[in-house]
Amino acid sequence: MSASTTTPSRWARVRAWFDVRFRSPAAIYGLIVFAAFVTIADDHAESVWEVLLSASTSLIVFFIAHVFAHTLTEHADHGLRHATREGMRHGAGMLYASVPSVLVLVWAGLTGVSIDDAADLSMLSTFVVLGLLGYSAYRRRGARLPVRLLGAFATACLGVFIAILEYAIH
């Protein structure tokens, strides 16, 4: 007798979608790097659109480098096409993770928000996404609500600290 399959709930599908796109090392790295790129671009840009263009193109270059590194290390075992496709799949989180900040910058550009305020709002969106990721990690570990909230806050603070550190170095 075969086991019956059940369709996952809508919420389970949303969580699975979120996990695939945001809960990967590449996604977290991309999120932090994009925040640093926004902060760096904020110093010399004359518009929010310049900040968005500079940070986005820099992130795309990092994504291409990630795909290249993955392809180079895997193509001997799996072939060039497969290795490249897997590198793109593996690194796609870098691009997905920047979406909330990109949306914030687009909104800021459309509504005339100052460059400094747009960069601050972008950093806030990074903080929120990192907090959600931290909360999710502690939830999966079975932590109680206060520990989840503290873990979310600490995760978000550490991620933003790393982005600021990256900015300070550059």
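## Phe22 in helix H1

Phe22 is buried, because its relative accessible area is 7% (buried means under 20%, exposed over 50%, and partly exposed in between, with a 1.4 Å probe and protein chains only). Phe22 belongs to helix H1, which spans residues 10-22. Helices (H or I, at least four residues) and strands (E, at least two) are DSSP runs, numbered from the N terminus.

Leaving out residues up to four places away in sequence, Phe22 touches Trp17, Ala27, Ile28, Tyr96, Ala97, Pro100, Val129 and Leu133 (contact means heavy atoms within 4.5 Å). Tyr96 is 74 residues from Phe22 in sequence, yet the two C-alpha atoms are 6.8 Å apart in space.

## The model and its confidence

This is a predicted model, in which local features need a pLDDT of at least 70 and side-chain atom pairs count only at pLDDT 80 or more, while totals for chains, interfaces and linings use all residues. Residues are numbered from 1 along each chain as its sequence is written, and side-chain values use heavy atoms, with hydrogens and water left out.

The average pLDDT of the chain is 89, and 96% of the residues score at least 70 (pLDDT is the predictor's confidence in each residue, from 0 to 100). Where pLDDT is low, the predicted coordinates should not be read in detail.

## The chain as a whole

The chain has 7 helices and 0 strands, and its elements follow one another from the N terminus as α-α-α-α-α-α-α. Along the principal axes, the C-alpha atoms fill a box of roughly 65 × 45 × 30 Å.

Of the 170 residues in the chain, 36% are buried. Accessible areas come from the Shrake-Rupley method with a 1.4 Å probe; for residues, only the protein chains shown count as cover.

## Ser101 in helix H5

Ser101 sits in helix H5, residues 99-111. Ser101 counts as buried because its relative accessibility is 1%. Beyond its neighbours within four places in sequence, Ser101 is in contact with Phe34, Ser122, Ser125 and Thr126.

Two of these residues also meet Ser101 through polar atoms: the Ser101 side chain makes a polar contact of 2.9 Å with the side chain of Ser125, and another of 3.3 Å with the side chain of Thr126. A polar contact is a pair of N or O atoms within 3.5 Å; within protein, one must be able to donate a hydrogen and the other to accept it, and residues adjacent in sequence count only if both atoms are side-chain atoms.

## Two threonines

Thr39 lies in helix H2, residues 25-42, and is buried because its relative accessible area is 16%. The side chain of Thr39 reaches the backbone oxygen of Ala35 at 2.9 Å. Setting aside neighbours within four places in sequence, Thr39 is in contact with Met123 and Tyr167.

Thr155 lies in helix H7, residues 145-169, and is partly exposed, with a relative accessible area of 27%. A polar atom of the Thr155 side chain is 2.7 Å from the backbone oxygen of Gly151. Apart from neighbours within four places in sequence, Thr155 is in contact with Leu130, Gly134 and Tyr138. Thr155 and Leu133 are 22 residues apart in sequence, with 7.9 Å between their C-alpha atoms.

## One salt bridge

The structure holds 1 salt bridge (a side-chain nitrogen of Lys or Arg within 4 Å of a carboxyl oxygen of Asp or Glu). Arg89 and Glu86 form it, at 2.8 Å from N to O. Side chains of opposite charge can pair when their charged atoms come close.

Both residues lie in helix H4, residues 80-96, and are 3 residues apart, about one turn of the helix. Arg89 counts as exposed, at 55% relative accessibility, while Glu86 counts as partly exposed, at 24%.

## A nonpolar patch

Trp107, Leu121, Leu124, Val128 and Leu132 make a nonpolar surface patch of about 460 Å². Patches are made of residues with over 30% relative accessible area and no salt bridge: like charges are joined within 9 Å, and nonpolar side chains (Val, Leu, Ile, Met, Phe, Trp, Tyr) within 5 Å.

Helix H6, residues 115-140, gives the most to the nonpolar patch, with 4 residues. Leu121 lies in helix H6, and is partly exposed, with a relative accessible area of 31%.
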